[in-house]
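Please examine the sequence and the three-dimensional structure shown below before reading on. The report is written for a reader who is new to the description of proteins.

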Amino acid sequence: MNIRPALLLLLAAPLFLGGCAGGFRDPAPPPPPREPLNPSPRLVVGRIIAVDAERGFAVIELAGDAPRAALAEGEELSARSFADLRETARLLAARYVRGRTLGATVKSGRPTPGDEVVWAAP
């Protein structure tokens, strides 16, 4: 009857000692540090709400956080489509600023109402 406990102990030993084999491996190296994202140099000024193609003039509804420097007369702005951010026109800010509305002269391209207007920050 002494053989049964010894036999059970021999059969159970691999189960208990098998878990220790994986505990002494070197840990995986940490992932390389990621570079932080830099903010975009383009700041949103607003959206085009009207275009007068004959006179080459566009009216922009200003965003609440539009940069004041972008509203200065002669500042170059870019209009881009909202869906794919493809540039549609280059604009020059006019001196017409009333409340949340800015007038702009169309320098090149064809802006359409709904296009996003951005300014390249210096």
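## Basis of the description

This is a predicted model, in which local features need pLDDT of at least 70, side-chain atom pairs count only at pLDDT 80 or more, and totals for chains, interfaces and linings use all residues. Residues are numbered from 1 along each chain as its sequence is written, and side-chain values use heavy atoms, with hydrogens and water left out.

## The chain as a whole

The protein chain contains one helix and six strands. Here, helices (H or I, at least four residues) and strands (E, at least two) are DSSP runs, numbered from the N terminus. Along the sequence, the elements follow the pattern α-β-β-β-β-β-β.

The radius of gyration of the protein chain is 33 Å, whereas a compact globule of 122 residues would have a value near 14 Å. This radius is taken over C-alpha atoms, and the globule rule is 2.2 Å times the number of residues to the power 0.38. Along the principal axes, the C-alpha atoms fill a box of roughly 110 × 25 × 25 Å.

The accessible surface of the protein chain is about 9500 Å², and 59% of this surface belongs to carbon and sulfur atoms. Such areas come from the Shrake-Rupley method with a 1.4 Å probe; for residues, only the protein chains shown count as cover. Of the 122 residues, 25% are buried. A residue is called buried under 20% relative accessible area, exposed over 50%, and partly exposed in between (1.4 Å probe, protein chains only).

Among the contacts in the protein chain with a separation of 6 or more, 52% are between residues 24 or more positions apart. A contact means heavy atoms within 4.5 Å.

## The largest pocket

Rolling a probe the size of a water molecule over the atoms shows where empty space is left. A pocket is defined on a 1 Å grid over the protein atoms alone, as an open set of points where a 1.4 Å probe fits, with protein on both sides within 12 Å along at least five of seven lines; its lining residues have an atom within 4 Å of a point.

The largest pocket has a volume of about 170 Å³. Grid points are joined across faces, edges and corners, and the volume is the space filled by probe spheres set on the points. The lining consists of R42, E76, L77, S78, R80, L85, E87, R90, V118, W119 and A120. Two or more lining residues come from each of strand 3 (76–80), strand 4 (87–98) and strand 6. Strand 3 gives the largest share, four residues.

## Individual residues

| Residue | Relative accessible area | Class |
|---|---|---|
| A79 | 0% | buried |
| E116 | 10% | buried |
| R80 | 19% | buried |
| V44 | 36% | partly exposed |
| L85 | 47% | partly exposed |
| P36 | 68% | exposed |

The contacts listed below leave out residues up to four places away in sequence.

A79 is part of strand 3. Its contacts include I48, T88, L91, P111 and E116.

R80 touches R42, L85, R86, E87, T88, D115, E116 and V118.

E116 is found in strand 6 (residues 116–120), and touches V44, G46, R47, S78, A79, R80 and L85.

V44 lies in strand 1 (residues 42–52). Among the residues that V44 touches are A63, A66, P67 and E116. The C-alpha atoms of V44 and L77 are separated by 9.7 Å, at 33 residues apart along the chain.

L85 is located in the loop between strand 3 and strand 4. Although L85 is not a glycine, it has a positive phi of about 55°.

P36 lies in the loop between helix 1 (3–18) and strand 1. P36 and A89 are 53 residues apart along the chain, and their C-alpha atoms are separated by 31 Å.
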